[in-house]
Amino acid sequence: MDVSLDHSYSFNLRVDTKGSFGGVNIFNNPSIAAGAGSASSWIIYANSTGNWLLRNGNRSGGVIGDVDTGMALTAGTTYSFTINVDEDTNSWVAQIYNGSTTYTSSTLGFRTSAATDGDTLNFTASNVNTASTWVYSIDSVSVIPEPSSYALLAPVLLSLALLRRGVRFSRQAR
């Protein structure tokens, strides 16, 4: 998939064991990374004592601030995430559902100064204390091109449909 076009990510995440320190980090990057940084386009994270947070970037490697979703990180809860990426404006919108409540963010900026979203989805648990253990599972991960991307496929699909129809006509003519 061409990540220079608008697209969405969706996945489910369940934290089974919360560590006493550190947290869970979900972010997009140009490559596999141990933690989010200035090359990350979007960042979602939660620490052991708090809520899910969304990092609002300034589109040049810096951070404007974190948006608190008000949704607590709770062990045993499955969270469904959807991240919609707008490549034209280097922005993103997140939606988080915890089984009873949905949080939808306002439009947030990429942290990175890169012109496009990275092509690597990262899930990490950070520990500042080696005695702290995080256990979580990830399910139903998908990357979905936006409808404008499907429009690029329309001529190909139409050609295939017409070709198939032409074959049927030639059979009837015999």
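# A guided tour of the strands and rings

Start by selecting strand S4 (residues 51–57) together with S5: the two pair in the antiparallel sense over six bridges. Strands here are DSSP runs of E with at least two residues, numbered from the N terminus, and two strands pair if DSSP finds at least two bridges between them. This is a predicted model, in which local features need pLDDT of at least 70 and side-chain atom pairs count only at pLDDT 80 or more, while totals for chains, interfaces and linings use all residues. Residues are numbered from 1 along each chain as its sequence is written, and side-chain values use heavy atoms, with hydrogens and water left out.

**Stop 1**

Click on Asn 56 and look across to S5, where Gly 65 stands opposite. Now widen the selection to five strands, which form an open sheet in the order S5-S4-S3-S2-S10 with antiparallel pairing. At the edges you will find strand S5 (63–72) and strand S10 (120–126), each pairing on one side only. From one strand to the next, the twist averages 20°, taken between axes that are lines fitted to C-alpha atoms, with angles running from 0 to 180 degrees between N-to-C directions.

**Stop 2**

Next, select Asn 29, which lies in strand S2 (residues 23–29). Is Asn 29 buried or exposed? Asn 29 counts as buried because its relative accessibility is 7%, and buried means under 20% relative accessible area, with exposed over 50% and partly exposed in between (1.4 Å probe, protein chains only). Show side chains and you can follow a polar contact of 2.7 Å from the side chain of Asn 29 to the side chain of Ser 40. A polar contact is a pair of N or O atoms within 3.5 Å; within protein, one must be able to donate a hydrogen and the other to accept it, and residues adjacent in sequence count only if both atoms are side-chain atoms.

Leaving aside neighbours within four places in sequence, the residues in contact with Asn 29 include Gly 118, Asp 119 and Thr 120; contact means heavy atoms within 4.5 Å.

Move on to Ser 41, in the loop between S2 and S3. At 1% relative accessibility, Ser 41 is buried too. Once neighbours within four places in sequence are set aside, Ser 41 is in contact with Asn 28, Trp 92, Gly 109, Phe 110, Arg 111, Thr 112, Asp 117 and Gly 118.

**Stop 3: S7 and its partners**

Seven bridges join strand S6 (residues 78–86) to strand S7 (residues 91–97), and the two run antiparallel. Here Trp 92 in S7 is the bridge partner of Val 85. S6 and S7 form a hairpin with four residues between them, and in the turn Asn 90 has a positive phi of about 50°.

S7 also pairs in the antiparallel sense with strand S9 (residues 108–109), over two bridges, and Trp 92 stands opposite Leu 108 there. Which residue in S8 is the bridge partner of Ile 96? Select Tyr 103 to see that partner. In the hairpin of S7 and S8, with four residues between the strands, Gly 99 takes a positive phi near 100°.

**Stop 4: the aromatic rings**

Now show the rings of Phe, Tyr and Trp (its six-membered ring), which pair if their centres lie within 6.5 Å; planes under 30 degrees apart count as stacked, over 60 as edge-to-face and the rest as tilted. The count comes to seven aromatic pairs. One of them is the tilted pair of Tyr 9 and Trp 42, 5.5 Å centre to centre with 55° between the planes. This pair links distant parts of the chain, 33 residues apart: Tyr 9 is in strand S1 (residues 7–17) and Trp 42 in the loop between S2 and strand S3 (43–47). Tyr 9 is buried at 3% relative accessible area, and Trp 42 is buried at 0%.

Tyr 79 and Phe 81 form another tilted pair, 6.5 Å centre to centre with 45° between the planes. Both Tyr 79 and Phe 81 are buried. To see a cluster linked by ring pairs, select Phe 11, Trp 52, Tyr 79, Phe 81 and Phe 123.

**Last stop: Ile 138**

Finish in strand S11 (residues 135–145), the place of Ile 138. At 36% relative accessibility, Ile 138 counts as partly exposed. Ile 138 and Phe 123 are 15 residues apart in sequence, and 8.7 Å apart in space from C-alpha to C-alpha. Beyond neighbours within four places in sequence, Ile 138 is in contact with Asn 12, Leu 13 and Phe 123.
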